[in-house]
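Here are some questions about how terms are applied to a structure. Each answer sets a value against its cut-off.

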Amino acid sequence: MPHRSLVAPFSDTELEAIRADFPALGLKVRGQNLAYLDNAATTQKPAAVIEAEAAFYRTQNANVHRGVHYLSQIATELFEDARETVRRFLNAKSRREIVFTKGCTESINLVAHSWGAKFLKPGDEIVLSQLEHHSNIVPWQLIAERTGAVLRVWDIDENCDLMQGGLDELLSERTKIVALTHIANGTGTINPIKQVIAQCHAAGAKVLIDGAQAAARTPLDMQLIDADFYALSAHKLYGPTGVGVLYVRESVLEQMPPYQGGGDMIRTVSFDRTTYNDLPYRFEAGTPNVAGVVAFRQAIEYVQRIGLDRIFAHEKELTDFAVQSLNAEPDVKTIGNPKNRAGIVAFLIECAHPHDVATILDSIGVAVRSGHHCNMPLMKRLGINGTTRASFGVYNTKTEVERLIEGLKKVREIFQ
Amino acid sequence: MTFEGELSDLYQQVILDHSKHPRNAGSLDSANRRAVGHNPLCGDQIVLMLEVKDGVIADVKFQSSGCAISVASASLMSEAIKGKTVQEAELMFRKFHEMLTGACDTSSLGKLSALSGTREFPMRVKCATLAWHTLEAALNNPNQTVTTESDA
Ligand SMILES: Cc1ncc(COP(=O)(O)O)c(C=O)c1O
């Protein structure tokens, strides 16, 4: 990873140019300029992505891997070029390690149901952290039920960092897999995944990293972190909805049985016996979201042009400013104080419930999320029902953070 | 109406007052009907306790945690149904539901019509109906948990 403190955030002109790339940022909401601070839920899309998806349907549309005709060849090339872009983005060794899915959730389910069904035995342990999103909990519960494996939970400390030494106590010869979020969607905590992976590998366990929040916020390098599984969603990375990626180390993917059956994932089919296609196609049954994948490539190239280290620096500056500003309000409490935090800050204000806060902020054009953020176990651990959450992207500004703080005055006017 | 207008319609004085000072909050030892309502999308929760005697809701108490709309709705409901027959309460629920889902005459709803402003905030309608769904459950399937996500 680059030395983050040396990377400069954007100048005002750069930021203005970036904002101009995103048509939705020009929207008026409730008669005001939209301040979109819900990027952890999904990001807005640059024009390059929107146009690539439209251009695909206008001039390139055909099914992939199935035809000898001209358009099918074009579509297949574009689809496979996008896979190569993802490979480079993740610094994976091989294209065979890149599986396209419909999103991070499906990526995790694929691992749980394919790898999990084959390798988990009764009494085996799956370790999850207290910070996980439901989509990195429920698939493991489902497969635990089917296989007799057991879930163990890695607790957090009062700052919402993973408990120091917590993993030492959990890891044993029974631990088969550790499933951990890279960046927590509820608190912004950046987990030390490289050390975690090394420790788990030394104990003989595999590691799945949920990269849904990390992919748009920090540079990724599969070989550097030595990941077994890494899952992400395109729509949180300025790309279209309905596209996800699952990275799996080739030696692991080779041993995994198919997840779904259908077209494209087979080599030969007869009623007696089916032989399966090569990696990664064995895991891509049916017609994929071809246009989405093709447009996703534009999103990756977009963030690569800017540089994820710079995006990280920009979001860090905004997040630090937001945390400081929120903590300066005597009736506001920010949730967690993680050592390393990326792009996300959740908070509570004494006089009002998170939903009411979000409705009032919406009335001045500030879009934030309220609720449990698919983090019910985390909320329970913190003893709260929900939070209001602001989450930043490449295009957010200090002024937007100031509007959020200003909006809290209106919340007080109504509820105090 | 301007959005400012819609917002102050949503958060009317009556609603703010009931959310800050809910009436009939607490627990009811004499309760013979009880139901728990839950909105899994936002974590709002209500425990509703009723004492039903000879077809009349003789007493009502509730415990709730949630947003201003859901607490105020529970409080207003508790006032409205106390002393009413079960049939009257059910009719009220139907009227209330109509008020939030379409245009309807709110004159018969009295104070409950203060919640008509949620109509303009589709994401918040469930906050207003949670207490009422819980009432339905308490009257028809006592000791059940209802969630806002099971109704169509
Ligand atoms: C940490 C985390 N993991 C997984 C997901 C699931 O992503 P998706 O809904 O795109 O599959 C999310 C999305 O909210 C998330 O924040």
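**Cavity, burial and aromatic pairs**

The residues lining the largest cavity of this predicted model are D44(B), Q45(B), I46(B), S64(B), S65(B), S70(B), A74(B), C127(B), L130(B) and A131(B).

Q: Which elements of chain B each supply at least two residues of that lining?
A: They are β2 (44-53), β3 (56-65), α3 (68-81) and α5 (125-140) of chain B.

Q: How many cavities of 30 Å³ or more does a search of the whole structure find, and how much space lies in the largest?
A: The search finds one cavity of 30 Å³ or more. About 40 Å³ of space lies in the largest cavity.

Q: What makes up the lining of the largest cavity by class?
A: Five residues are nonpolar, four are polar and one is charged. Asp counts as charged, and D44(B) is in the lining.

Q: Why is T387(A) called buried?
A: Its relative accessible area is 1%. T387(A) is found in strand β17 (residues 387-391) of chain A.

Q: What makes the link between the side chains of T387(A) and H373(A) a polar contact?
A: The distance is 2.7 Å.

Q: How many aromatic pairs does a search of the whole structure find over all chains?
A: It finds 11.

Q: Why is the pair of W115(A) and F229(A) called edge-to-face?
A: The ring centres are 6.0 Å apart and the planes stand at 70 degrees. Centres within 6.5 Å make a pair and planes over 60 degrees apart count as edge-to-face, so both conditions hold. The pair links distant parts of the chain, 114 residues apart: W115(A) lies in helix α4 (residues 104-119) and F229(A) in strand β9 (residues 229-233) of chain A.

Q: How do you know whether W115(A) and F229(A) are buried or exposed?
A: W115(A) has a relative accessible area of 4%, and F229(A) is at 0%. Buried means under 20%, so both residues count as buried.

Q: What makes F415(A) and Y11(B) an edge-to-face pair?
A: Their rings are 5.0 Å centre to centre, with 75 degrees between the planes. The cut-offs are within 6.5 Å for a pair and over 60 degrees for edge-to-face. The pair crosses between chains, from helix α14 (residues 398-415) of chain A to the loop between α1 (3-10) and α2 (13-20) of chain B. Both F415(A) and Y11(B) are buried.

Technical notes. Residues numbered from 1 in each chain as written. Chains lettered and ligands numbered in written order. Predicted model: local features only at pLDDT ≥ 70, side-chain atom pairs only at ≥ 80, totals over all residues. Heavy atoms only, no water. Helix = DSSP H or I, 4+ residues; strand = E, 2+ residues; numbered from the N terminus. Buried < 20%, exposed > 50% of the residue type's maximum accessible area, 1.4 Å probe, protein only. Polar contact = N/O pair within 3.5 Å; in protein donor to acceptor, adjacent residues only side chain to side chain. 1 Å grid on protein atoms, 1.4 Å probe; cavity = no way out; pocket = protein on both sides within 12 Å on 5 of 7 lines; lining within 4 Å. Points joined across faces, edges and corners; volume = space filled by probe spheres on them. Phe/Tyr/Trp six-rings, centres within 6.5 Å; stacked < 30°, edge-to-face > 60°.
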